[in-house]
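Have the sequence and the 3D view ready as you read.

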Amino acid sequence: MARLDGKVAIVTGGARGLGGATVDVLAEEGATVLIADVIDEAGEARATALRAKGHKAEYHHLDVRDADAWAALVDTAMHAHGHLDVLVNNAGINISITIEDATAQQFRDVLEVNLIGAFLGTKAVIPAMRSSGGGSIINIASNSTQMVLPLTTIYGASKSALANLTKTTAVHCAQRGYNIRVNSVHPGAHETEMLTGGTGMRPLDIPQVKALIDAIPMGRMGQPRELGKVVAFLASDDSSYMTTSELFSDGGLTVVSFGGDPALRG
Ligand SMILES: NC(=O)c1ccc[n+]([C@@H]2O[C@H](COP(=O)([O-])OP(=O)(O)OC[C@H]3O[C@@H](n4cnc5c(N)ncnc54)[C@H](O)[C@@H]3O)[C@@H](O)[C@H]2O)c1
């Protein structure tokens with residue numbers, strides 16, 4: 001019996017990166033995974049590859065900013081599977097910019113995906129999870145909630161707000177007796193396209209990323225599957241007494257000082 005056998009999970013931004021690796025791990029652990037993303041080709045390819053290996057995965061187009069699309073996806077999941085057990089709010093975008101250079105529109109754009117997207121998803125799944133007997137919601141925040149850099153002005157604000165939304169939702173659900181646990185995961189530097197900004201460059205060739213990697217006590221970036229395994233733990237009944245938690249998976253990066261490395265000043 002695999003740890004997530006019988007569970008139905010939605011992973012937003014599940015076509016690639018940390019979300020993609022999370023999809024793979026959840027499916028390998030027995031869950032039926034609904035990949036929700038806006039990059040349809042990559043999402044379909046991931047679902048097809050998992051099915052070819054005997055796992056249960058489907059791709060669904062979902063822009064997390066769209067409340068109607070959320071309602072439709074949850075409806076589809078409940079009709080097809082009869083229950084919904086796990087939501088991973090992973091979809092996210094980043095604009096690395098200081099307070100002086102950032103525009104209000106850039107701030108709104110990041111909040112729409114990173115914060116309001118997770119808010120809409122959470123609201124959409126709570127009734128379905130209640131009728132399923134409970135569930136686990138995992139919000140992918142960031143170590144930027146604690147590690148303060150000038151360039152994370154917008155991104156850090158969005159993720160700190162997401163961590164707080166995690167806790168208010170968790171306490172609400174617990175006090176109402178919904179059996180819905182809500183926790184946040186705070187990745188440090190992981191090797192994905194978000195970190196390289198779609199430049200196609202090697203992480204070590206980007207000064208800001210190199211400075212981050214140099215500061216990591218474990219001396220390396222995280223691999224996406226390592227993060228997926230943390231999420232799988234929170235999705236599973238192995239974490240049955242955990243709600244409101246913040247799990248940092250960062251190789252020790254968050255607690256070390258940068259000494260004002262010029263590459264990170266922006
Ligand atoms: N990579 C890191 O080092 C790192 C560190 C801390 C936190 N995170 C967080 O982890 C999560 C995944 O990041 P990643 O590194 O895999 O990035 P990524 O850019 O590789 O993947 C993000 C995914 O989200 C999807 N997405 C973007 N906007 C969307 C929308 N409106 N609706 C639906 N899907 C949308 C993208 O298509 C993509 O598949 C993000 O929330 C990010 O903030 C990443």
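Which element gives the largest share of the lining of the largest pocket? Helix H6 does, with four residues. Keep in mind as you look around that this is a predicted model.

**The largest pocket**

The largest pocket holds about 1,300 Å³ of space. Its lining is made up of 46 residues, and those nearest its centre are Ile 93, Asn 94, Tyr 155, Met 194 and Leu 195. Sorted by class, the lining has 23 nonpolar, 17 polar and six charged residues.

**The ligand and its shell**

Where does the ligand sit? You will find it in the largest pocket. Around the ligand there are 28 residues, and the closest are Leu 18, Asp 37, Asn 90, Tyr 155 and Thr 192. Tyr 155 is also among the residues nearest the centre of the largest pocket.

Three helices each supply at least two residues of the shell around the ligand: H1 (17–28), H5 (153–175) and H6 (193–196). Of these, H6 gives the most, with three residues. By class, the shell has 14 nonpolar, eight polar and six charged residues.

Now zoom in on the oxygen atoms of the ligand.

| Residue | Polar atom belongs to | Distance to a ligand oxygen |
|---|---|---|
| Asn 90 | backbone | 2.7 Å |
| Lys 159 | side chain | 2.9 Å |
| Gly 188 | backbone | 3.2 Å |

How much space lies in the second largest pocket? The value is about 170 Å³. This pocket is lined by 13 residues, and Lys 7, Gly 134, Gly 135, Asn 179 and Asp 237 are the closest to its centre. Its lining divides into two nonpolar, seven polar and four charged residues.

To finish your tour, go back to H6 in the 3D view. This helix gives four residues to the lining of the largest pocket, and it gives three residues to the shell around the ligand.

Notes: Residues numbered from 1 in each chain as written. Predicted model: local features only at pLDDT ≥ 70, side-chain atom pairs only at ≥ 80, totals over all residues. Heavy atoms only, no water. Near = heavy atom within 4 Å. Polar contact = N/O pair within 3.5 Å; in protein donor to acceptor, adjacent residues only side chain to side chain. 1 Å grid on protein atoms, 1.4 Å probe; cavity = no way out; pocket = protein on both sides within 12 Å on 5 of 7 lines; lining within 4 Å. Sits in = over half its atoms within 2 Å of the grid points. Nonpolar A, V, L, I, M, F, W, Y, C, P; charged D, E, K, R; others polar. Points joined across faces, edges and corners; volume = space filled by probe spheres on them.
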